[in-house]
Structures are given as C-alpha cells and as structure tokens.
Amino acid sequence: MIFNSLTYFVFLGIVFSLYWFVFKKHTKAQNILLLVASYTFYGWWDWRFLSLILLSTTVDYFIALSIDSTSDVKKRKLWLWLSVGFNLGLLGFFKYYNFFIDSWIDMFTFLGYEMKNSWTLRVILPVGISFYTFQTMSYSFDVYYKKLKPTRDYLSFAAFVSFFPQLVAGPIERASNLLSQILEPRVFNTAQMRAGLKLILWGLFKKIAIADSLSPIVDDIFVNYANYPASTLIMGVTLFSFQVYGDFSGYSDIAIGTAKLFGIELMSNFKFPQFARNVAEYWQRWHISLSTWFRHYVYIPLGGSRGSQLKSVRNIAIIFLVSGLWHGANWTFVFWGAFHALAFIPVYLMGRNAIYKDNVVAQNSIFPTITELGQMVLTFAIVTFSRIFFRSETITDSFRFIGRIFSNFSYQPYEHPLGYNMMDFYVLVVLFVLYEYCIRKTERDPFNFKSKYVRYTIYAVVIITMLLYYDDSINQSFIYFQF
C-alpha cells in the first residue's frame, strides 16, 4: 500500500472515520486503532516482517524501563548498549549481511586468493527497517540521557513506533514529540485538517507530476549512460536531483499531512534544500530528521565540535560515512557520504556551517542577490554531482558515468524513452522551482495566498497537472522505501 494509490485513500478514509466519529472521546481506543491500522498498513507489503517491528518495539520498551529503574551508571550503560546492539544487529543482518560478505570475498579475490561465494543468503530487506530501528533506538537514548521518562503504556508506545504515516520513510520521530502527543487526548481541529489536506495535495503533486514523470528519463540515462554524450548525462543527473527531491519530500509532505488529520504534528523533514547557499545549509534543509538524529546521537557523543579541530573534522567524516552506509548496502552510498564530507568540511573550517541556520535566501527581499544566486547554483551543482554515486548501480558505473562526462563533452537532442515531448518536462521543472521559491518561507503551507481565487486556481492547476503527467505504466514506489 503506497500513499499515491486508491487503496491507501480508501484505507485512510476508514481509519479517519473510526478515529473521529467512533472513538472520538476515547484516547486509548484511538491509540489501539492507530496501532491496528499501522500494522495493517505495513502488513500490506509482507505480514511476515510485522514480527520485526513487534520485536523491536518490545525490546526497547523493556530496555527503557530497565534503564530508568536503576541509577547505577554501568547498568544503565549496559542496557543502552543492549538496545544499540539489538537494533543495529537487526539492521545489520537484514540490510548489510550480504554486502559485507561480498566485500570480504572481493577483497581476498583482489589480493589473489580465490574464495567461493557460499556464505551469502537470500535475505529480503524489510521496508522501512532503517527508519523504525532508529526511532526506537532514539527512545532508549533519550531515556538514558534522562531527557524523558519511559512510558508504561505498551500499546501507546507500540503506536509510536509503528505510526503508519511515517513508518516506512520517516520523518524519524523522537518520543519527546510523537509519543507525548499519542499519550495525550487529541481534539478535532478543522484548521489542522485543512492544513493536512493541503500538504497531502502538494506531496502528491511532487510525487506524481515531478518524481514519477521524470523517472523514465532518469532510468534510461543511468542504465544506458555509455550510449549518451556528456550533455545528456548532465541533464540526467540534474533531473534525478529533482526526482529524488520530489519523491522524498513529497512522501514527507503526505506523511505530515496525514498525521495532521489525526491531530498529530510531525517534525519537518525538508525546508527547500534546493535554495541552500552552501552544503552545510543544504543538510539543515534536507532529510532533517536523519541529520539531526546523527547529530544528537552520534556526533555530539563523539565529542561534536568540542576539543581540537582535527577531532571535529574526524567526527564530521564519521557522520557522513555512516549516513552514506545508512542509505544502502552499496559502496556507491559510502562514496556519496565521503563526497559530502569533503564538501562539508571546508565550510566548517571557514566557520560558515551555521550562518544560514535561521534564515532563507532573499530573507527580506523578493529576489536573491547575485552572490546568493551564485551560492545556490554552486551548492546545487555540488549536491547534484554527488548524486551520480547515489543513483548508480555500482561504484564502477559511477566513475564511468563521471569519466564519460569529462571525456565525451558533446551535445545531441535527447528523445524521451516513451516518446513524450521533452520540452514539457523542462517547463514543468522550471515552473516547479519558481513556485517553490515563492513559498520558500511557508514550508508547512504550500498554498499560502490571501486571495481565495488565487488559491483555488492553484489547486486546479496542481490537480490538472497531476492528471496530465500521470502514467500508470511507471513504477510508482517511493525511492526511500529501499532504505
């Protein structure tokens, strides 16, 4: 069941109706409903992996209570490491087992030793495992650091872990935000519901009209890169930047909007990263829930920016390498993470990593300055170049793709693999960027216009555009489901 399907909206309508019209005055019953709905939503893919969510939930529920029950530092630390070990072990087996076995065998083969590849297993990657294991781990961390008291309400905790809007692709929530709302009574709010529906509509637009429509172009170019000149490869990776942004931020918008329908506010996950003025600002605006997770639970415990500058650089490098590996069991993601570390560290050393933290481009004006425009273009180019590693199937493909860009710089018109007019897609992307620039200060309200005539006109344009660009022959899964 995916957000951009009729099945999901039928499911959502049923859950919404029961939640507000049947169990409106019963918080416990609402939480049980959310739990049942979340397990149904996840089980739609493969019911067998529900046992992993249940196991992860149960382990961290009891570990948090055990941590809180003692003041002995060694015991508290032991319980915390049990949580970390269990969750990373779960993640490591299902996501990285074959990757490390294959890498080990490749290393010995490179050194001249022949090994038979008889240790790999046919392990299926459970959808969203990287997200919910990090969410339950953060709960144990917060209890250990005494940032919150553990709950004894198991069903509400289970609803927190499996909350279906953000279960399979985030945002990765903290218990201090999401669990606290689940434990408290919710009151139906018409304004909140409207805001949720607007975010759902905008998220669907980004997914259907932007991400899905660009998918066949990007797939064709990355699969057949050896047959295309540099101009086409540059276009392909540029369109992939918009595809992955539309896909992932679209998912987050739908998740946040859906949560609003149930009286729950999730954290922001994207704040127009395409308008970032350096790589540090980009990471303050892209996949915010993951970057803050690594900052709070890895970077700061490692020492953060305390101590020598060399240690700080080391910590930054570790964060990006681990972040790369979190995205997938492939050396392409490790190189992607390393590339971002190399791009981020100079910004940090120049002391410019936090200068844009509390403002957006053209904060007090309509248009960006020439300097800001240059910064945005440079940052977008750096980030887009890194996505060659992110999108390529193998590290060899990545370097061959890059090599072809620099060795075969020529131009030839690109023909859409399904026969569509490419100009339609170029115009769509340009208009999308311009519109997002106009709403860059209202991330939670993509239709923030005083005139209702303007709003309704934009609603109509958005819906018509989705219908025009919709193609049911395209794979409509979300990219981040594989992580």
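1. Helix 14 gives the most to the lining of the largest cavity, with four residues. Helices here are DSSP runs of H or I, at least four residues long, numbered from the N terminus. A cavity is a set of points, on a 1 Å grid over the protein atoms alone, where a 1.4 Å probe fits but cannot get out; lining residues have an atom within 4 Å of a point.

2. This is a predicted model: local features need pLDDT of at least 70, side-chain atom pairs count only at pLDDT 80 or more, and totals for chains, interfaces and linings use all residues. Residues are numbered from 1 along each chain as its sequence is written, and side-chain values use heavy atoms, with hydrogens and water left out.

3. The count is four cavities of 30 Å³ or more. The largest has a volume of about 130 Å³. Volume means the space filled by probe spheres set on the points, which are joined across faces, edges and corners.

4. The lining of the largest cavity has 13 residues. P273, Q274, Y282, F380 and R387 lie nearest its centre. Helix 9 (230–261), helix 14 (370–391) and helix 16 (422–438) each supply at least two lining residues. By class, the lining has nine nonpolar, three polar and one charged residues. Nonpolar covers Ala, Val, Leu, Ile, Met, Phe, Trp, Tyr, Cys and Pro; charged covers Asp, Glu, Lys and Arg; the others, Gly among them, are polar.

5. The second largest cavity has a volume of about 110 Å³. Its lining has 15 residues, with K206, Y245, D253, F270 and E443 nearest the centre. Helix 9 gives the most here, with five residues. The classes are seven nonpolar, four polar and four charged.

6. The whole structure holds 15 salt bridges, each a side-chain nitrogen of Lys or Arg within 4 Å of a carboxyl oxygen of Asp or Glu. One of them joins R444 and E265 at 3.3 Å, N to O. R444 lies in the loop between helix 16 and helix 17 (452–469) and E265 in the loop between helix 9 and helix 10 (279–285), so the pair ties together parts 179 residues apart in sequence. K260, E265, E443 and R444 are linked in a network of salt bridges.

7. Buried means under 20% relative accessible area, exposed over 50%, and partly exposed in between (1.4 Å probe, protein chains only). R444 is partly exposed at 23%, and E265 is partly exposed at 27%. E281 and R277 pair at 3.0 Å, and both are buried.

Note on methods: On a 1 Å grid over the protein atoms alone, a cavity is a set of points where a 1.4 Å probe fits but cannot get out, and a pocket is an open set with protein on both sides within 12 Å along at least five of seven lines; lining residues have an atom within 4 Å of a point.
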